[in-house]
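Have the model open as you read, and take the points in order.

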Amino acid sequence: MATTSPLNLDFVRSQFPGLDRGWTFFDNAGGSQILKGAVERINTFLIEKNVQIGGSYEVSQAAANALHEARTAAMHLVNAGRPEEIIFGNSTTALLQNLARVMHSQLAPGDEIIVTIADHESNIGPWDRLQERGVIFKVWPLNKETD
Ligand SMILES: Cc1ncc(COP(=O)(O)O)c(C=O)c1O
């Protein structure tokens, strides 16, 4: 039988030092206040391993291992099939623009892209622009009562 224990909010809050500055941020995306442990891991990577991967030397292999480890963790988080399915990038906006740009050659006039009205602009604009190439772009209007 599963046991439950109360969420230790003091501990959780202590993991987000950016939120301990007297402000309440209602205007930022979910990823904008970074977990302390993630900041520390990124710092360590940038200081110790920020080199090109694919090299034969030790630091390059350590960088490749760190990337693989991060992809594997994200794979588990989103229930992906393989670490190679995980791509890290600067932002959702940049990644989706890149995805739409590379996918346009696989889309033919008449193919449809459907997003929802609830999607963020980062997942609307890149697909909307494919209409210039004959792709049909549709916005699914969610029904507030049923969806
Ligand atoms: C719900 C949601 N999705 C996506 C984005 C885009 O995120 P990014 O800043 O990584 O491009 C934002 C940014 O505010 C957002 O609030």
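How far apart do the C-alpha centres of domain 1 and domain 2 lie?

1. They lie 29 Å apart. Please keep in mind that this is a predicted model. The domain assignment places domain 1 at residues 33-88 and domain 2 at 92-140.

2. For the overall layout, the protein chain has 5 helices and 2 strands. Their order along the sequence is α-α-α-α-β-α-β.

3. Now the overall dimensions. The radius of gyration of the protein chain is 20 Å, whereas a compact globule of 147 residues would have one near 15 Å. Along the principal axes, the C-alpha atoms fill a box of roughly 50 × 50 × 40 Å. Of the contacts between residues at least 6 apart in sequence, 36% join residues at least 24 apart.

4. H2 is hardly covered, with a count of 0 buried residues. Just after H3, Asn79 takes a positive phi of about 60°.

5. Finally, have a look at Asp27, in the loop between helix H1 (9-14) and H2. Asp27 counts as exposed because it has 6 C-beta neighbours inside 10 Å, and the cut-off for exposed is 12 or fewer. Asp27 and Gln15 are 12 residues apart along the chain, and their C-alpha atoms are separated by 20 Å.

Key:
Residues are numbered from 1 along each chain as its sequence is written. This is a predicted model: local features need pLDDT of at least 70, side-chain atom pairs count only at pLDDT 80 or more; totals for chains, interfaces and linings use all residues. Domain bounds come from an automatic or database domain assignment. A residue is buried if 20 or more other C-beta atoms lie within 10 Å of its own, exposed if 12 or fewer, and partly exposed in between; C-beta atoms are placed from the backbone. Helices (H or I, at least four residues) and strands (E, at least two) are DSSP runs, numbered from the N terminus. The radius of gyration is taken over C-alpha atoms; the globule rule is 2.2 Å times the number of residues to the power 0.38. Two residues are in contact if their C-beta atoms, placed from the backbone, lie within 7 Å.
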